[in-house]
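Here are some notes to read alongside the structure, written for someone meeting it for the first time. Keep the view open and follow the points in turn.

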Amino acid sequence: MDTEISVQERSPLELDLNEITGKILFLDKWRGIFRYYRLGTNNTNPQDPDDSHIPAEETGDKPGMLWPKGQGQLPSNSFCSVPRLSTISSKLNGFPISPSMATMLRRILFGNTVHVLGSDWKKAHFKFHGPFSDLAFALQVEKGGVRSIQMAVQGSIIKYLLFSREEKDCNLHSLGNLSQHEQEQALAAVLASILWTAGASQKAIVCSFTKDIHSTLILDYSSDNFIEGLQLFEFSEKEATEKFIYDHLQCFKGERSHGVMLFLYSLIFSRTFERLQKDLDITTTHLLQSHAGSILCRQAVINMILTGRASPNIFNGYEKGSSEETLHGVLTRSDVGYLQWGKNTSERDRLSQVGSMLKTPTFPIWLCNINGNYSILFCANRQLLSDWKMERVFDLHFYSGHPSQKKPVHLTIDTHSHHWEGDHHEDKHGSGRRFSPVEMAIRTKWREATVNWNGTSPFF
């Protein structure tokens, strides 16, 4: 070890900041291991960055919880084995994240530099259902905050598969007739496109690890130390971004790859901290929030995936808040839309209503936030939103992401107003419980619509 960490053989002036930081981090990893295994210190209590005592009951790593950096319980196998993180050759022209960039990344995520994400986030990756199956087009999604990112990406995958492959006969049947190679092509193309759009179509940055960095870091699910090991790869062409992601797709789809987190970090760096500060407003100063024991994405993250801009709100343009502050909404029409319904949402609150930029997207695909659960509605007919006659009676398909769902649910929507059929009307004085929440979300786009589930039991 002495040959790796000794700094006496060279003048300190000859060591650049990154090299010094790397050596300090290397020492910190072993110090942490010795502390936990009582090999190098008599103090067996975890410490915070300021060496203040952390009570034992505050160090348990529960899924989705924010924990002070480096404070989770060390998995029993972390000392003996390193998680199978996918890596990229160090010969490629990436550059290491600097300490200041790591600090800024944590601040834009949490609003501070203390908290980290829990194990549910770190285990999440992008994994399709089996090829040549009814759900071959669909990602297997997790619970908690990662679900919103996975489902937002899912919407773009459907857009790509249905409307972007000119050489293919794309229809609902084609979504289930996908090979693993076609799944991987779709995922690489979609991730690259989202990053490229976030980078204002000027550049994209992809985050990963190199083999050299990985070999010196002790990585585990109880800390966020792998941020310091990130390598950033910058691209000035969309095609080059897509090729790079495809060549290293295991970094996003591999088990224990931290794939969703790497995508989120890539999204933030592609957008740049400067643009993010302009996108956000006084209501949203960072991108993640703690709610009911989970870490959830704020609306700004969802909008950044859908539109490329981290707008904190869902209305169009700009609005004035209660204190006359300027609130930032959606400025451009999205390719994939967004619908939202909650049992406690009031239609009289105009700031909570989805604007037309999201409600009427370029393609007939909608990410749905229904009582905080994310799902997808889509139509295989692109003319649905460009020809009003198509909106009289039409088909939608619903993917909930629930493990029990084996194929997309076929819905038939009838937008004719049947004023004499009172049972089909929304109960304006009640709670709306007579209808499925999915139907209520659909009615935020097509008021008075009736929904035929075609033999499937409505989702409640």
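1. Let's begin with strand E5, which is mostly covered, as four of its five residues are buried. Buried here means under 20% relative accessible area, with exposed being over 50% and partly exposed in between (1.4 Å probe, protein chains only). Helices (H or I, at least four residues) and strands (E, at least two) are DSSP runs, numbered from the N terminus.

2. A word on the source: this is a predicted model, in which local features need pLDDT of at least 70 and side-chain atom pairs count only at pLDDT 80 or more, while totals for chains, interfaces and linings use all residues. Residues are numbered from 1 along each chain as its sequence is written, and side-chain values use heavy atoms, with hydrogens and water left out.

3. Which sheet does E5 belong to? It sits in an open sheet of three strands, ordered E2-E5-E4, with antiparallel pairing. Strands E2 (95-96) and E4 (204-208) stand at the edges with a single partner strand each, so one side of each has no neighbour in the sheet.

4. Now the pairing itself (two strands pair if DSSP finds at least two bridges between them). E2 and E5 (residues 231-235) are joined in the antiparallel sense over two bridges, and phenylalanine 95 has leucine 232 of E5 as its bridge partner.

5. Contact means heavy atoms within 4.5 Å.

6. Is arginine 271 buried or exposed? It is buried, with a relative accessible area of 7%. Beyond its neighbours within four places in sequence, arginine 271 is in contact with residues including Asp279, Met304 and Arg309.

7. Please look next at phenylalanine 226, in the loop between helix H8 (211-216) and E5. At 1% relative accessibility, phenylalanine 226 counts as buried. Histidine 258 is 32 residues from phenylalanine 226 in sequence, and their C-alpha atoms are 10.0 Å apart in space.

8. The largest nonpolar core has 93 residues, of which Leu105, Trp121, Phe126, Ile149 and Phe263 touch the most other members. Such a core is a set of buried Ala, Val, Leu, Ile, Met, Phe, Trp, Tyr and Cys residues joined through side-chain atoms within 4.5 Å. Leaving aside neighbours within four places in sequence, the contacts of leucine 105 include Ile227, Leu230 and Phe273. Another core, of 24 residues, lies apart from the largest one, and Trp366 and Met440 are among its members.

9. Helix H5 (residues 146-163) deserves a look too: all 18 of its 18 residues are buried, so the helix is largely enclosed by the rest of the structure.

10. Finally, the whole protein: it has 15 helices and 15 strands, and buried residues make up 51% of its 460 residues. Among contacts with a separation of 6 or more, 65% come from residues 24 or more positions apart.
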